[in-house]
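Q: Please take a close look at a single strand of this protein and its surroundings. Then place that part in the whole chain.

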Amino acid sequence: MARRADILAGYRGHVDAVEPVLSGWVAEVARPAAPVALVVRIDRADVVPVIADRPRPDVAAAGLAGPNCGFAVELPAGFLDGLEHEVALLLPDGRRLNLPGIPPSLALGPVPADLVPARAASIAAIADLLRRTDAEAGFDPDLIGTIQAEAFNAVGGGDRGFIFYARAGARLVGYGRLERGQSSAAAIGVVALTVLEAYRRKGLGEALMRALLGAAATARMSAVWLSVRRDNIPAIRLYEKLGFVPNADHPAGNWKVPGETAMVWLSPRRS
């Protein structure tokens, strides 16, 4: 997967939301008060024209553009089918704006997905998922092979921890992984949670985390920990919704990333 390109030189903007309406703002640096004409291209064929001339007093107040630089466009209903589509914002001459806030591939509409335990997921599908997540994180996806996928999946047993995968169609699109401590730390677990960019804001992260916490409670684990970037507000809100609270007194180990916030969930079944 190629590295995402930077925003087109001479422009600034952001995509704030994709569904139910694709919206955001864009402006030309040299002419911040001039409305920008653009097109939304879907799957390299269907094109929806739009002009960024809606009021955005928040953007103007920040000194980023003129007062009328916002855009909003409803995506054609035929694309809201739960499948991945390539969505791009371009200038009329075909140049891609590469606005931040929107991945190059998006699952549009409701996504029917099911959760798959470790034993029911194929190693080939796991390897494909890990390659995609590594690419999105800026790592080399070619380093992932069968051995790495098998090692990752090996945690999915009651004595070592639990793994659930989110599957949409025939493809795995996310995972929740809880690695259990050993010996005297067996009642403590550490979570890693990832959903592919194309499938975020579809409820998959919450479903995966609820499955992990349910398994942890059934296994009489007393606490589940995780580490989250302080600027990842959507993730923090999700974890808080599920009962996680910040706690600096975390267990030892290299799972806690420097500069991130440690959060803990305490099992209601703990003795």
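A: The answer below starts with the basis of the model, then turns to one strand, its partners and the rest.

This is a predicted model, in which residues are numbered from 1 along each chain as its sequence is written. Local features need pLDDT of at least 70, side-chain atom pairs count only at pLDDT 80 or more, totals for chains, interfaces and linings use all residues, and side-chain values use heavy atoms, with hydrogens and water left out.

The strand is β13, residues 223-228. Of its 6 residues, 5 are buried, so the rest of the structure largely encloses β13. Buried means under 20% relative accessible area, exposed means over 50%, and partly exposed lies in between (1.4 Å probe, protein chains only). Strands here are DSSP runs of E with at least two residues; helices are H or I runs of at least four, and both are numbered from the N terminus.

Now the sheet. β13 belongs to an open sheet of 7 strands, in the order β9-β10-β11-β12-β13-β15-β14, with mixed pairing. Two strands pair if DSSP finds at least two bridges between them. The edges are β9 (113-117) and β14 (245-246); each has a single partner strand, so one side of each lacks a neighbour in the sheet.

Take the two partners of β13 in turn. With β12 (residues 188-195), the pairing is parallel and runs over 3 bridges. There, G189 has V224 of β13 as its bridge partner. With β15 (residues 261-266), the pairing is antiparallel and runs over 6 bridges. V224 stands opposite W265 of β15. W225 faces V264 of β15. In a regular strand the side chains alternate between the two faces of the sheet.

Helices come next. β12, helix α4 (residues 204-218) and β13 form a right-handed β-α-β unit. Right-handed means that, with the strands pointing away from the viewer, the path from the first strand over the helix to the second runs clockwise. Helix α5 (residues 233-241) lies across β12, β13 and β15, and runs at about 165 degrees to β13. Axes are lines fitted to C-alpha atoms, for helices over the stretch in contact, and angles run from 0 to 180 degrees between N-to-C directions. Contact means heavy atoms within 4.5 Å.

Another sheet is open too: 4 strands in the order β4-β3-β7-β8, with antiparallel pairing. Strand β3 (residues 36-42) is joined to β4 by 7 bridges.

Finally, the whole protein. It has 5 helices and 15 strands. Of its 271 residues, 43% are buried. The C-alpha trace spans about 65 × 40 × 30 Å along its principal axes. Among contacts between residues at least 6 apart in sequence, 58% join residues at least 24 apart.

The mean pLDDT (the predictor's confidence in each residue, from 0 to 100) is 91, and 96% of the residues score at least 70. Where pLDDT is low, the predicted coordinates should not be read in detail.
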